[in-house]
Amino acid sequence: MTISLYLHASAGAYAKNSIPSPGAGKRCKYAGQSVRALPIRVITVGKKRSLGVQLVVDEYIGKLKYYCKVEDLQLRSNPKNTGDVKAQIKDEDMAVMNIISSDDWVVMLDENGLDIGSEQMAELMGDAGSTGASRISFCIGGPYGHGPKMRERANISIKLSSMVLNHQIALLVLVEQLYRSWTILKGQNYHH
């Protein structure tokens with residue numbers, strides 16, 4: 001079984017890349033191998049985080065820093081306090097696009113993205129290290145999702161769950177999965 005990923009090339013074309021879908025007992029193709037550790041940037045659009053969420057995020061970011069540099073950026077949703085949903089999405093879209101570099105490898109979290117498991121997430125991290133990118137940026141959209149510029153710019157779109165997740169819950173799931181991915185890549189015991 002294979003999951004097809006469509007990676008957005010800088011020239012605007014899509015290149016097809018397949019990540020094997022591990023069955024029971026199968027391991028990530030990079031497990032225990034040397035993988036280029038790209039810095040990670042997590043960009044979240046939303047309201048101020050609860051103290052509990054921030055504590056858990058900080059805990060996982062602390063764990064991740066043993067593997068790679070990690071940056072956690074929060075952008076305020078609806079930066080211009082507009083009542084127009086389309087204007088809000090556009091403003092949030094521009095705010096995110098203004099902090100993404102041209103050499104970032106962008107992973108958009110979206111409810112309609114590819115449904116991948118932990119092993120495939122680890123492979124995504126390993127594959128990103130060989131793209132020539134200088135950083136991986138994971139983008140969690142605001143309450144109405146991502147705008148058209150982000151959708152066009154993203155190298156890949158994934159979903160964390162078949163259920164729609166509040167942006168704070170999505171962030172918790174993401175940082176835990178990033179840590180789990182690194183333990184898979186390093187062949188460590190956190191993942192079983």
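Start by selecting Y67: this residue is buried, with a relative accessible area of 17% (buried means under 20% relative accessible area, exposed over 50% and partly exposed in between, with a 1.4 Å probe and protein chains only). You are looking at a predicted model, in which local features need pLDDT of at least 70 and side-chain atom pairs count only at pLDDT 80 or more, while totals for chains, interfaces and linings use all residues. Residues are numbered from 1 along each chain as its sequence is written, and side-chain values use heavy atoms, with hydrogens and water left out.

The structure holds three aromatic pairs (rings of Phe, Tyr and Trp, the last by its six-membered ring, pair if their centres lie within 6.5 Å; planes under 30 degrees apart count as stacked, over 60 as edge-to-face and the rest as tilted). The ring centres of Y67 and W182 are 5.7 Å apart and their planes stand at 10 degrees, so this pair is stacked. Because Y67 lies in the loop between α1 (51-64) and β4 (70-76) and W182 in helix α5 (residues 167-185), the pair ties together parts that are 115 residues apart in sequence. Helices (H or I, at least four residues) and strands (E, at least two) are DSSP runs, numbered from the N terminus.

Then show K63, which lies over the face of Y60, at 4.8 Å from the ring centre. The charged end of K63 also sits over the ring of Y179, 5.3 Å from its centre (NZ of Lys or CZ of Arg within 6 Å of the ring centre and within 35 degrees of the ring normal).

Keep W182 on screen and bring up V107, F138 and L178: of the 37 residues in the largest nonpolar core, these four touch the most other members. Such a core is a set of buried Ala, Val, Leu, Ile, Met, Phe, Trp, Tyr and Cys residues joined through side-chain atoms within 4.5 Å. Elements supplying at least two residues each include β3 (40-46), α3 (118-128) and β6 (135-140). Colour α5 as well, as the largest share of this core, nine residues, comes from that helix.
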